[in-house]
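Here is a short walk through one protein chain, from the overall fold down to single residues. Take a look at the sequence and the model first.

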Amino acid sequence: MEIGVSECFDAAHYLPNHEKCGKMHGHTYRVEVVVSGGLKNGMVMDFAELKEIVGKIVKDYDHNVLNEFIENPTCENLCIAIFERVKKVLPDGINIVRVRVYENPDKWAEIRI
Ligand SMILES: [Zn+2]
């Protein structure tokens, strides 16, 4: 079974060598993380635990300049970075399914296993 959580954060970035996005600007990003696993006591995992994992990761980026973390912080590269970080810290028996990052309500990138 799959469960998911979402978190939002504000950050600035610029895309090196991009005509329009090469200028520093900001977005309110929204991150959705979906994980899967078997049911224990009726739960895949506690929502609070998953919210804490994702919350800690996005807190690093919140009100920061993404270029300090990712060389070319496109929505796609940010999505990959978050996917890798979440994957590393999930408890045993819980698998990452997908991460979707919205940089605007109408623009998003997604990575799946
Ligand atoms: Zn941008």
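## A loop residue to start with

Is Asn41 buried or exposed? Asn41 is exposed, because 5 other C-beta atoms lie within 10 Å. The cut-offs here are 20 or more other C-beta atoms within 10 Å for buried, 12 or fewer for exposed, and partly exposed in between, with C-beta atoms placed from the backbone. Asn41 sits in the loop between strand S2 (25-36) and H1, and its phi is near 50°, a positive value in a residue other than glycine.

Before going further, a word on what you are looking at. This is a predicted model: local features need pLDDT of at least 70, side-chain atom pairs count only at pLDDT 80 or more, and totals for chains, interfaces and linings use all residues. Residues are numbered from 1 along each chain as its sequence is written.

## The chain as a whole

The protein chain has two helices and four strands, and from the N terminus on its elements run β-β-α-α-β-β. Helices (H or I, at least four residues) and strands (E, at least two) are DSSP runs, numbered from the N terminus.

Now for the overall dimensions. The C-alpha trace spans about 50 × 25 × 25 Å along its principal axes. For 113 residues, a compact globule would have a radius of gyration near 13 Å, and the protein chain has 15 Å, which agrees. That radius is taken over C-alpha atoms, and the globule rule is 2.2 Å times the number of residues to the power 0.38. Buried residues make up 20% of the 113 residues. As for contacts between residues at least 6 apart in sequence, 61% join residues at least 24 apart; a contact means that the two C-beta atoms, placed from the backbone, lie within 7 Å.

## How the two helices meet

Two packed helices are described by the angle between their axes and the distance between the axes. Here, the axes of helix H1 (residues 47-61) and helix H2 (residues 75-89) come within 10 Å and cross at roughly 135°. The axes are lines fitted to C-alpha atoms, for helices over the stretch in contact, and angles run from 0 to 180 degrees between N-to-C directions. H1 and H2 are therefore oblique to each other, given that angles under 35 degrees count as roughly parallel, over 145 as roughly antiparallel, 65 to 115 as roughly perpendicular and the rest as oblique.

Which residues make the contact between H1 and H2? On the H1 side they are Ile53, Val54 and Ile57, and these meet Ile82, Arg85, Val86 and Val89 in H2. By class, that contact has six nonpolar, no polar and one charged residues. The classes go like this: Ala, Val, Leu, Ile, Met, Phe, Trp, Tyr, Cys and Pro are nonpolar, Asp, Glu, Lys and Arg are charged, and the others, Gly among them, are polar.

Zoom in on Ile53, which belongs to helix H1. Ile53 counts as buried because it has 21 C-beta neighbours inside 10 Å. Not counting residues up to four places away in sequence, Ile53 touches Val86 and Val89. Its C-alpha atom is separated by 12 Å from that of Glu32, 21 residues apart along the chain.

## Strand S3, inside and out

Val99 is in strand S3 (residues 95-104). Val99 is buried, because 27 other C-beta atoms lie within 10 Å. Leaving aside neighbours within four places in sequence, Val99 is in contact with Val31, Val33, Cys79, Ile82, Phe83, Val86, Glu110 and Ile111. Glu84, in helix H2, is 15 residues from Val99 in sequence and 9.6 Å from it in space, C-alpha to C-alpha. Glu84 itself is exposed, with 12 other C-beta atoms within 10 Å.

Asn104 is also placed in S3. Asn104 is exposed, with 11 other C-beta atoms within 10 Å. Between Asn104 and Arg30 there are 74 residues of sequence separation and 8.0 Å in space, C-alpha to C-alpha.

## Another positive phi

Most residues other than glycine have a negative phi, and most peptide bonds are trans. His63 has a positive phi, near 55°, and is a residue other than glycine. Where is His63 placed? His63 is in the loop between H1 and H2, and His63 is exposed, with 10 other C-beta atoms within 10 Å.
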